Amino acid sequence: MTQTTETVRASLAKRYARERRFHMMGLLSVMASGAFLVLLLGNIVTKALPAFTTTYVKLDVPLMPDVLRLDDNPDADAIAKARYNRAVRQGLLDLFPEVSSRSEKRALYQLVSAEAEFTVAEAVAGDPELIGTRHSLWVLADDDLDTYRKSKKLQAVPESDRRFKDFQVAWLDELKAQERIKTTFNWVLFQNGDSREPELAGVRGALVGSFYTLIVTLALSFPIGVAAAIYLESFATRNRFTDLIEVNINNLAAVPSIVFGLLGVAVFINFLHLPRSAPLVGGIVLSLMTLPTIIIASRAAIKSVPPSIADAALGLGASRMQAITHHVLPLAMPGILTGTIIGMAQALGETAPLLMIGMVAFIVDVPQGITDPATVLPVQVYLWSDSPERAFTERTSAAIVVLLVFLVLMNAFAVYLRKRFERSW
Amino acid sequence: MKTLSISLVAAAIALTSQSAAASRDYIEVVGSSTVFPFATVVAERFGRNSDFKTPKIESTGSGGGMKLFCTGLGVGTPDITNASRRIKQSELDSCMANGVTEVIEVLIGYDGIAIANAKSAENYSLSRKDIYLALAKQVPNPDGSETMVDNPYTLWSDVNPELPAKAIEVIGPPPTSGTRDAFVELVMEAGCESFDFVKAMDKDTFKAYCHGVREDGVYIEAGENDNLIVQKLEANPAALGVFGYSFLEQNADKVQGSLVDGVEPTFDSIADGDYPVSRPLYFYVKKAHMGQIPGVAEFVAEFTDIDTMGPEGYLTDRGLIPLDDDAYEDVTTRANEGTPLESL
């Protein structure tokens, strides 16, 4: 045996051990990040779960004309404007006739949501024949009742420490005994825009706002980004000027996002007079932010297409535009789409630049277009997390879950597109 | 081709939206994050119960709101701004300079600032002087000479022998917050004034000494999110937290309010003015917008209604401390007659 072999043999065990350690370290890192992810998701999902159910109370609402303050032969207009809150209150008083003091009555009326009178109004609008009868229907419960029912922890604390007092608990037990309480899936969360009543608050406005904003972002940043990448890769000659552009694109990718918000305010709102709080401006600002990501990813994708393919096309008489649009671009598309989706996912989670252009706002109505005032999902999370009402804590987590699902769907769509365009050569 | 048509569509949309900004059929409100939870409740009710659209409310902070509000008149500017302090003369001047000459001031009520800790810890009874001595960057020399030294205190018992021998640790809002401004003004300044020689200083020196909060890790800035402070207090029973009263009320099972100058922070004690740490909440309206933007006058009427901000109005359910009867009467008459603010 030569000396070299001996040296190698002697160190072999050590090298194997090192190899294993290296392997283990990699595995540990993956497991650690996996554990963090599970912890985070588990925490959010368990916190969010209560928000996906909600409580309804069944009331027998007296729709007598004298309760509703209606005349003998009311027209449709009078019926629409009738005092349905009186009917709801009377319905509650009928259940608990012993309640007489003013403060107790107030507490009793607050068992059901402010939405209740509108539920009754809708029922009557659907069937005016109901007037003069006693109609029984399910109305949304107030968030205090709902939170108390769902939280075992809150049920255990002494009366002085909770908003839902013992006499209200007694009413709740009585309602339960009469089978007037039910729990259902919280559709309201997906049907309504924002609200200051937790039981009425929903993510629909923010979801639609996020959708419009991302559409604008995509419509601007995708074509511009891809065109810039093609120019820089296929047409631009290397000189000082293109070097400068390249450095600037890379720098732009590292600019804090709030700076884009400041730019948005100065240029789009103050100078161009585009509307404040609109997805249009939000989308433009976010597309400025995502452009560098898309350009960098697209350039890498275009570069990775073998030059022989473009050369062959040119050799067969294709123009440069044909070589690019027919051959290079389709082959680079999976990489471009990956870059685009990463950029869009960034844009989806962004709040800082939107703060400056007024999208951090309380907006009840669901936006109907890209110039309507709107907010986006991460802003909704931010606003709810800052609300004093206890029931908003679980809704904050629920909004995060919705945001994550939106993100997963977007990524799944990207994977699907990539699979479709992927070609081997 | 496809990409070209998409960008054309985008450009077309961008152009048409120009005209959308020329008229506005909803009210635009900006301003304080403290007034935000109250203003939003009113806006939502207003949207449901009237034929007008629901006003859009942005939470920009009092100062940021004033800046936007005073940029001028017209549909591109907000109609109303909320503030957790009174408008400053400099802000009013800038409003006037930009053509916003008639500003109506509406005082809506009060908000208490609680100094609280976790329910599992013992309840504190602090004076404003104790808090000042515990948190100020520089304090009067403990040896009694009339000089200022860097804050030497580490335990509450150093500040006041009657307090427990626990480390001073306070979680509170950052300087950008209106809550912090009010806290400094109502607690720190008052604590400062308990020392005669400091009180006798000229205005600027007094401010410099009394507005400075420790930066050696004893006062922890927790961001503007009051829920976060509540969570941190729950996790750390040794700490005290500074936040709005409505958060104390909602989280009574988790945190307890310390007594300040012997008074517990409750709805009644703040309303009576017994609890010393409470601040006024305002909103400001452009009179010129009242006829121009649909619903502004009606929104003001809804906000100042007895069922809204009156002693038993629905805003009191949200933790607003209402005005007393005389002040309410005065505020509503001026608001509904549209009497603009002349000077401060």
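In chain B, 13 residues of domain 1 are in contact with 15 residues of domain 2, where contact means that C-beta atoms, placed from the backbone, lie within 7 Å. The model is a predicted one, in which local features need pLDDT of at least 70, side-chain atom pairs count only at pLDDT 80 or more, and totals for chains, interfaces and linings use all residues. Residues are numbered from 1 along each chain as its sequence is written, while chains are lettered from A and ligands numbered from 1 in the order in which they are written. Here is a short tour, starting with the two domains of chain B.

**The domains of chain B**

- Domain 1 of chain B covers 23–110 + 280–337, and domain 2 of chain B covers 112–278; such bounds come from an automatic or database domain assignment.
- The side of domain 1 of chain B that touches domain 2 of chain B is made of four nonpolar, seven polar and two charged residues.
- For this sorting, Ala, Val, Leu, Ile, Met, Phe, Trp, Tyr, Cys and Pro count as nonpolar, Asp, Glu, Lys and Arg as charged, and the others, Gly among them, as polar.
- Between the C-alpha centres of domain 1 of chain B and domain 2 of chain B there are 30 Å.

**Chain B as a whole**

- Chain B holds 15 helices and 13 strands, counted as DSSP runs numbered from the N terminus (helices: H or I, at least four residues; strands: E, at least two).
- Along the principal axes, the C-alpha atoms of chain B fill a box of roughly 75 × 60 × 45 Å.
- Chain B has 344 residues, and 44% of them count as buried. The cut-offs, with C-beta atoms placed from the backbone, are 20 or more other C-beta atoms within 10 Å of a residue's own for buried, 12 or fewer for exposed, and partly exposed in between.
- Among contacts in chain B with a separation of 6 or more, 72% link residues 24 or more positions apart.

**A closer look at G112(B)**

- You will find G112(B) in strand β4 (residues 103–118) of chain B.
- G112(B) counts as buried because it has 26 C-beta neighbours inside 10 Å.
- Setting aside residues up to four places away in sequence, G112(B) touches Y245(B), P265(B), I270(B), Y275(B), V277(B), S278(B) and I321(B).
- Y314(B) is 202 residues from G112(B) along the chain, and their C-alpha atoms are separated by 17 Å.

**Where the chains meet**

- Chain B gives 32 residues to the contact between the chains, and chain A gives 31 residues.
- On the side of chain B that touches chain A, the elements giving two or more residues are α1 (2–20), α2 (36–49), β2 (56–58) and α11 (245–250) of chain B.
- The largest share of that side, ten residues, is from α1(B).
- By residue type, the side of chain B that touches chain A has 13 nonpolar, 14 polar and five charged residues.
- Strand pairing also links the chains: β4 (residues 361–362) of chain A and β2(B) are antiparallel and share two bridges. Strands count as paired if DSSP finds at least two bridges between them.
- Within this pairing, I57(B) in β2(B) is the bridge partner of F362(A).

**The domains and sheet of chain A**

- The assignment for chain A gives domain 1 (50–186) and domain 2 (204–421), with 46 Å between their centres, taken over C-alpha atoms.
- Six residues of domain 1 of chain A are in contact with seven residues of domain 2 of chain A.
- Chain A has an open sheet of three strands in the order β2-β1-β3, with antiparallel pairing. Its edge strands, each pairing on one side only, are β2 (134–140) and β3 (181–185) of chain A.
- Strand β1 (residues 53–62) of chain A is joined to β2(A) by seven bridges; V61(A) stands opposite H135(A), and L59(A) has L137(A) as its bridge partner.

**Nonpolar cores**

- The largest nonpolar core has 160 residues, of which V281(A), L377(A), A399(A), A39(B), F283(B) and Y284(B) touch the most other members. A nonpolar core is a set of buried Ala, Val, Leu, Ile, Met, Phe, Trp, Tyr and Cys residues joined through C-beta atoms within 7 Å.
- Another core lies apart from it and has 24 residues, including A82(A), V124(A), L172(A) and L175(A).
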